[in-house]
Amino acid sequence: ACQPEEVASADAYPYGGAVGLTVDDHHVYWSTLDGNLWRAPVDGGPAALVADIGNSSRFLVNDDAHVYTTNILDGQVLRVSKELGAVEVLAEGQDMPTGLALDGPYVYCTYETKGEILQRVPREGGTPEIFATGLGWARQIVSHAGAIYVVGGDADQVIRVPVDGSLPEPLATSYWGLRAIAVDDTHIYAAEDAAGHISRAPRGGGAAVILADAEIPYAVLVDD
């Protein structure tokens, strides 16, 4: 099994519990219970405060210049400049936006109180539009190779939603308490909080293999 390596310690910095996570070539970014966005070098090192993003921002994604998040209680989709820390509101008045993913010119979002719906909003800001429905209780989402992968069903299923508008496709692998996923060219990696481990299964569906035990895992990422 894989052995976790510590990048930054919650005991060493006063940022509270980490709840959201994203990574680029240089840094790991995370949001915390006290409403801040932090980053640290991927090889380990001191944590640095990036911005105040609100204490209900639990999902993060990033591109070359920005980190994107949703502020659930304030009903906002946000982006934060990696270098300047400036916070921009892309959409507001939303009904508890939670999971999000990037593909092309859009930010895709799921909603805590409208679980069957996947919406999207332009990366530069604008009016959200419904993109897919019938996803069960959709939560965390990721994008890969022209599709949005959705943690759906009753936290036991992954649904593939092509960005070309084709019908959503439930995948075959079943999970136990699925909290979050990551996707590469061959596999889906899953954080199963009820089962207490990180697993890997073929992207097209099939038997899952446990990679590491983890106590109530909340997020998982793939380092290319």
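Guide: Two strands pair if DSSP finds at least two bridges between them. The model is predicted, and the pairings below are computed from it.

Visitor: What makes E17 and strand E18 (residues 187-192) a pair?

Guide: Five bridges join E17 to E18, and the two run antiparallel. A pair needs at least two bridges, so E17 and E18 count as paired. One of the contacts is between Ala-180 and its bridge partner in E18, Ala-191.

Visitor: In what order do the strands of the open sheet stand?

Guide: The order is E17-E18-E19-E20, four strands with antiparallel pairing.

Visitor: Why do E17 and strand E20 (209-213) stand at the edges?

Guide: Each of them has a single partner strand, so one side of E17 and one side of E20 are left without a neighbour in the sheet. Neighbouring strands of this sheet are turned against each other by 25° on average, direction ignored.

Visitor: What makes strand E3 (residues 36-41) largely enclosed?

Guide: Buried means under 20% relative accessible area. Five of the six residues of E3 are buried, so the strand is largely enclosed by the rest of the structure.

Visitor: Which strands does E3 pair with, and how do you know?

Guide: Five bridges join E2 to E3, and four bridges join E3 to strand E4 (residues 48-52). At least two bridges are needed for a pair, so E3 pairs with E2 and with E4. E3 runs antiparallel to E2 and antiparallel to E4.

Visitor: Which residues take a positive phi in the hairpins of E3?

Guide: In the hairpin of E2 and E3, with three residues between the strands, Gly-35 has a positive phi near 90°. In the hairpin of E3 and E4, with six residues between the strands, Gly-44 has a positive phi near 100°.

Visitor: How many residues line the second largest pocket, and what makes a residue part of its lining?

Guide: A lining residue has an atom within 4 Å of a point of the pocket. For the second largest pocket, 42 residues form the lining, and Thr-22, Val-23, Asn-62, Leu-221 and Val-222 lie nearest its centre. Elements giving two or more residues to this lining include strand E1 (18-23), strand E2 (27-32) and strand E5 (57-62). The pocket volume is about 1,100 Å³.

Visitor: How do the lining residues of the second largest pocket divide into nonpolar, polar and charged?

Guide: The lining has 23 nonpolar, eight polar and 11 charged residues.

Terms used
Residues numbered from 1 in each chain as written. Predicted model: local features only at pLDDT ≥ 70, side-chain atom pairs only at ≥ 80, totals over all residues. Heavy atoms only, no water. 1 Å grid on protein atoms, 1.4 Å probe; cavity = no way out; pocket = protein on both sides within 12 Å on 5 of 7 lines; lining within 4 Å. Points joined across faces, edges and corners; volume = space filled by probe spheres on them. Nonpolar A, V, L, I, M, F, W, Y, C, P; charged D, E, K, R; others polar. Buried < 20%, exposed > 50% of the residue type's maximum accessible area, 1.4 Å probe, protein only. Axes fitted to C-alpha atoms, helices over the stretch in contact; angles between N-to-C directions.
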